[in-house]
Amino acid sequence: MSLPCLSLSDGNSIPMLGFGTGTAWFKEDPGEPFNLKLVEVLKTAIQRGFRHIDCSDIYGTEEEVGIAIKECGVARKELFITTKVLEGLYGIPTAIESSLSKLQLDYADLYLIHSRSIAKDLSDLGQAWLAMEKVQALGKAKPIGVANHQRSHLEEILKVATITPAINPLEFHPYLQRSHYENYLCWMREQGIEVASFNDLTPTRKARPGPLNQPLAEIAAKYGITENAILIKWQIDQNVVPVTTTSNTSRLSEYLAALDLMLTVEEMEEIAQIGLTHHFRAWAPDRVDPDDRS
Ligand SMILES: NC(=O)c1ccc[n+]([C@@H]2O[C@H](COP(=O)([O-])OP(=O)(O)OC[C@H]3O[C@@H](n4cnc5c(N)ncnc54)[C@H](OP(=O)(O)O)[C@@H]3O)[C@@H](O)[C@H]2O)c1
């Protein structure tokens, strides 16, 4: 098993499978106690081969990630730590200091504006982006990027940017491919913006039953692998960086098995085409029009 990396437009690269510390690990109440189980699962994930860990100032899990990094036995420079700013959007210089302090790190391997949702005005995104550029200039973050940004938000940022956002994580899976809306993925890549994904496993989880269950089961049976692994590889093979998670260490090997899988062109296409017949948005569906596939 080798962990492939995706080159970013700024010359850095990102490991193509991430372990998320939101969702299953998210602390609804910031007063929740330190989560020792997360530290142990993270250490196991790193020991089994994960290198890319995904955090945010909103998840409440940066301290656990910091301890896992210290205790995992893998050198800091071998790891790729992403964190994001949401709560601190209007105070990015302070927000990055706070995140780095909790993570016990000098720099983040990737720093993202988590969402445009708390921006009071579209033009505030441009100002926030200029603050992100300063964070990078100070050496506090290597690549910088955004998450959950639609085309209009990126266009606002690109009006003022001197550094192009390196990546934009989005909910992305066969039922929400985003490509046929102004060919959004293509457009981002033309700007030099790569794509990462979350809610990757939606067709096997939240959108079950759906038209892909049977085809995925058949492909999985052919390779003696799980449907989750097929979905992860389907993303990697189109240069989208999947970020998944688990609270259950037995699922780690299932996810990592995707890296040794070779899907045929026909299987990739079958998943894409069947996926396009069914629209499903798992994350914050109430924030967008039900027919909006962007
Ligand atoms: N940028 C953003 O705004 C944003 C938004 C959402 C998420 N994220 C990031 O992406 C990460 C992953 O998000 P996600 O959790 O939505 O990803 P996902 O990869 O779609 O789902 C992972 C979850 O699927 C569950 N699962 C997998 N196989 C299962 C099965 N056979 N039966 C039952 N449950 C199964 C796992 O549960 P178990 O825990 O039981 O294994 C795990 O919690 C987050 O932790 C976060 O870091 C970012």
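Tutor: The model is a predicted one. Its largest nonpolar core has 75 residues, and those with the most contacts inside this core are Leu-42 and Tyr-111. Leaving aside neighbours within four places in sequence, Tyr-111 is in contact with Thr-83, Ile-96, Met-132, Val-135, Ala-141 and Ile-144. Among the residues that take part where helix H3 meets helix H4 are Ile-96 in H3, and Met-132 and Val-135 in H4.

Let us turn to that pair of helices. Helix H3 covers residues 92–103 and helix H4 covers residues 122–137. Their axes lie 9 Å apart, and the helices pack at an angle of about 50°. H3 and H4 are therefore oblique to each other. The crossing in which H3 passes H4 is right-handed. On the side of H3, the residues that meet H4 are Ile-92, Pro-93 and Ile-96; on the side of H4, they are Ala-128, Ala-131, Met-132, Lys-134 and Val-135. Sorted by class, the contact of H3 with H4 has 7 nonpolar residues, no polar residues and 1 charged residue.

H4 also packs with helix H5, which comprises residues 151–160. The axes of H4 and H5 come within 8 Å and cross at roughly 50°. That angle makes H4 oblique to H5. H4 passes H5 in a right-handed crossing. From H4, this contact involves Leu-122, Ser-123, Leu-125, Gly-126, Trp-129 and Leu-130. They meet His-153, Glu-156, Ile-157, Lys-159 and Val-160 in H5. The residues of the contact of H4 with H5 divide into 6 nonpolar, 3 polar and 2 charged.

One further residue of H4 deserves attention, namely Gln-136. Gln-136 has 19 other C-beta atoms within 10 Å and is partly exposed; a buried residue would need 20 or more. Leaving aside neighbours within four places in sequence, Gln-136 is in contact with Ala-141, Ile-144 and Ile-163. Ala-141 and Ile-144 are also among the contacts of Tyr-111, the residue from which this account set out.

Key:
Residues numbered from 1 in each chain as written. Predicted model: local features only at pLDDT ≥ 70, side-chain atom pairs only at ≥ 80, totals over all residues. Axes fitted to C-alpha atoms, helices over the stretch in contact; angles between N-to-C directions. Helix = DSSP H or I, 4+ residues; strand = E, 2+ residues; numbered from the N terminus. Parallel < 35°, antiparallel > 145°, perpendicular 65-115°, else oblique. Left-handed = near helix turned anticlockwise from the far one by under 90°. Contact = placed C-beta atoms within 7 Å. Nonpolar A, V, L, I, M, F, W, Y, C, P; charged D, E, K, R; others polar. Core = buried A, V, L, I, M, F, W, Y, C linked by C-beta atoms within 7 Å. Buried ≥ 20, exposed ≤ 12 C-beta atoms within 10 Å, placed from the backbone.
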